[in-house]
Amino acid sequence: MTFEIWITLGVLCLLVGFLLFTRVGTDVAVIGSLVLLMVFGVLSTEEAVLGFVKDGPLMIGGLFVVAAGMRETGAIERIAKVLLGRPTSLVTAQFRLMSPVCVLSGFMNTTPIVAMYLPIVSDWARRIRFSPSKLYMPLSFAAILGGQLTLVGTASNLVVMTEFVPWMNSPASDWARDLGAQALSSEAEFWGVAVSGIPAAIIGMLFIGFFSRWLLPDRIKVRDVSDDARKYEVVMRVESGSPIVGSTIEQAGLRALPGLYLFGIERDGNILHAVGADEPLEANDRLLFAGIVESVVDLRRIRGLVPDEVDSGRRPENRVLVEAVVSSEAPFIGLTVKESMFRSTYGAAIIGAFRSGERLEGKIGDLRLKAGDTLLLDAGIQFTPTHRDSQDFYLVSTVSGTQPVRHERAWMAVLILILLMVGLMTTDTTGLSRVVVVWLAALMMIGTRCVPGGRARSSINWQVLLTIGGAIGIGSAVNASGLAALAATGFLEVMSVFGDSPRLALFATIIVTALLAQLVTNFAAATIMFAVAMSSAEILGVRPEPFVFGLMAGAGCNFLTPLSYQTNLMVFGPGGYRFTDFSRLGAPLLLIVSVIAAIVIPLFFPF
């Protein structure tokens with residue numbers, strides 16, 4: 001073996017070692033490995049940084065912004081709540097959870113989808129009385145399976161196609177063109193992975209639904225809201241013309257909110273006590289709730305409900321919920337909320353209050369404030385930094401996830417996603433590249449105010465982009481050093497024991513890529529194995545397309561460990577899982593996906 005091969009192999013071993021046995025970030029480990037390859041002359045600077053300007057990383061950056069637009073408008077949450085419902089069995093609950101997540105993951109980055117679903121599933125699990133441990137891992141695995149439905153479903157798909165398209169136009173693919181291989185059409189590029197992804201997703205979700213009851217333990221038991229939890233009394237008003245006018249309390253989703261109790265409705269000056277679930281809502285109804293702050297956050301996300309103390313139509317879009325504890329030096333001690341002119345003084349409206357040991361009744365404006373009262377405020381985003389050190393409050397903290405949802409722009413976000421991005425990416429009518437289409441959709445999300453520019457900027461996960469760009473550079477080193485050809489030759493020599501079957505070689509490629517994806521990232525595994533797969537196809541004398549889509553299937557099988565994929569890590573803590581829980585459900589799922597891919601892909605893309 002040459003010096004370059006030894007260096008590349010050593011750097012790869014070092015990379016895997018750092019990822020497995022240290023807490024170094026993935027992006028730091030990958031970029032560090034890339035720097036070492038430049039230091040030892042395996043790659044030039046131009047070759048090393050080429051991965052950062054390829055289509056894959058550029059498209060993924062835009063997809064983060066598109067996903068932010070869907071999240072900020074509440075489009076995904078609205079779809080999710082309609083589809084989740086109130087199932088009575090665990091299997092039904094899992095299918096109702098996995099199906100929309102799987103479909104959405106085919107067109108959006110999986111990470112923000114799972115991030116959006118985590119609080120929804122947490123509340124939903126309490127409502128339907130099932131352990132969250134039975135739902136969180138199926139949520140992550142459904143998102144991973146959905147990533148195999150389209151080209152944009154996951155980063156590894158984009159990385160493989162980014163490598164394959166220029167490879168087909170280079171002299172390195174002369175042997176493939178001699179066998180009849182041609183550049184893929186836009187439709188084949190976008191939907192090609194779905195030929196195995198759709199059956200794998202269906203069978204995979206069926207497997208999870210029917211076998212997870214035995215393979216997934218109840219790590220977190222169903223618990224009731226603690227009696228000691230801080231509970232506010234909050235008044236919400238039904239806006240005129242809102243979509244919940246005419247709906248019953250049950251239909252509006254106000255009956256089963258965990259930790260929240262609707263104890264009355266004030267209508268035309270009269271208070272209705274002990275209202276039933278079938279009570280219809282009318283415009284300007286004042287709904288009287290008592291509950292924990294997390295459920296008050298849920299109330300704010302319901303379209304058509306506004307805090308009674310806040311002027312609807314005048315509330316800025318950058319408002320948040322803030323909890324503030326009144327200090328003994330506050331100038332408004334002993335005054336009612338109305339007398340204190342709290343809103344004009346602090347630029348915040350008191351929408352709820354909590355006083356230990358007492359139930360606060362009556363209108364908020366008539367509440368006489370005392371030291372130690374905890375106030376729930378509707379305030380501007382600058383309230384917390386401005387008053388954090390104020391002598392008027394002991395403690396000031398912003399409640400997470402409380403920025404108002406732009407419900408009125410949800411339809412615009414969906415149109416941008418489906419008609420603009422997906423529509424243009426699946427047709428050749430405009431001649432625009434995929435990068436241009438994705439960023440056009442991202443800019444439209446910002447231009448139509450589906451997501452503010454600042455939040456769009458912060459939604460881009462730069463760690464992921466650095467990791468992908470660095471991984472592409474490492475993959476180039478694997479090919480340039482000759483390690484790919486050497487590995488392919490050794491790989492096929494081992495496989496020759498079982499015969500010269502291209503299908504068997506494809507299955508082995510999928511399995512090896514999947515196992516490598518557990519050790520490094522899915523896109524790093526895809527880039528490293530791309531050169532090996534192309535060399536294997538050349539040695540076998542078969543067309544490369546089955547191996548291309550086989551790489552996508554293998555790189556997307558991130559089921560074995562919580563560290564193998566971001567969504568697994570996101571559900572690891574909330575689900576209370578142990579490290580081995582993932583392999584118990586994930587190992588058979590990985591085998592299912594691999595077998596389906598090896599059987600189905602050659603039927604549509606022959607050798």
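**Briefing: helix packing and a strand hairpin**

In the protein chain, residues 24 or more positions apart account for 79% of the contacts (heavy atoms within 4.5 Å) with a separation of 6 or more. The model is predicted: local features need pLDDT of at least 70, side-chain atom pairs count only at pLDDT 80 or more, and totals for chains, interfaces and linings use all residues. Residues are numbered from 1 along each chain as its sequence is written, and side-chain values use heavy atoms, leaving out hydrogens and water.

**Overall composition**
- The protein chain holds 26 helices and 9 strands, taken as DSSP runs (H or I, at least four residues; E, at least two) numbered from the N terminus.
- Of its 607 residues, 57% count as buried (under 20% relative accessible area, 1.4 Å probe, protein chains only).

**Packing of H4 and H17**
- Helix H4 (residues 55–72) packs on helix H17 (residues 410–425) at an angle of about 150 degrees, and their axes lie 9 Å apart.
- H4 is therefore roughly antiparallel to H17 (an angle over 145 degrees).
- The contact involves Met59, Leu63, Val66, Gly69 and Met70 of H4, together with Ala413, Val414, Leu417, Met421 and Met425 of H17.
- These contact residues comprise 9 nonpolar, 1 polar and no charged; Ala, Val, Leu, Ile, Met, Phe, Trp, Tyr, Cys and Pro count as nonpolar, Asp, Glu, Lys and Arg as charged, and the others, Gly among them, as polar.

- Strands E2 (residues 260–267) and E3 (residues 270–273) run antiparallel and are joined by 4 bridges (pairing requires at least two DSSP bridges).
- Arg267 stands opposite Asn270 in E3.
- The hairpin of E2 and E3 has 2 residues between the strands, and Asp268 in the turn has a positive phi of about 55 degrees.

Note on methods
Axes fitted to C-alpha atoms, helices over the stretch in contact; angles between N-to-C directions. Parallel < 35°, antiparallel > 145°, perpendicular 65-115°, else oblique. Buried < 20%, exposed > 50% of the residue type's maximum accessible area, 1.4 Å probe, protein only.
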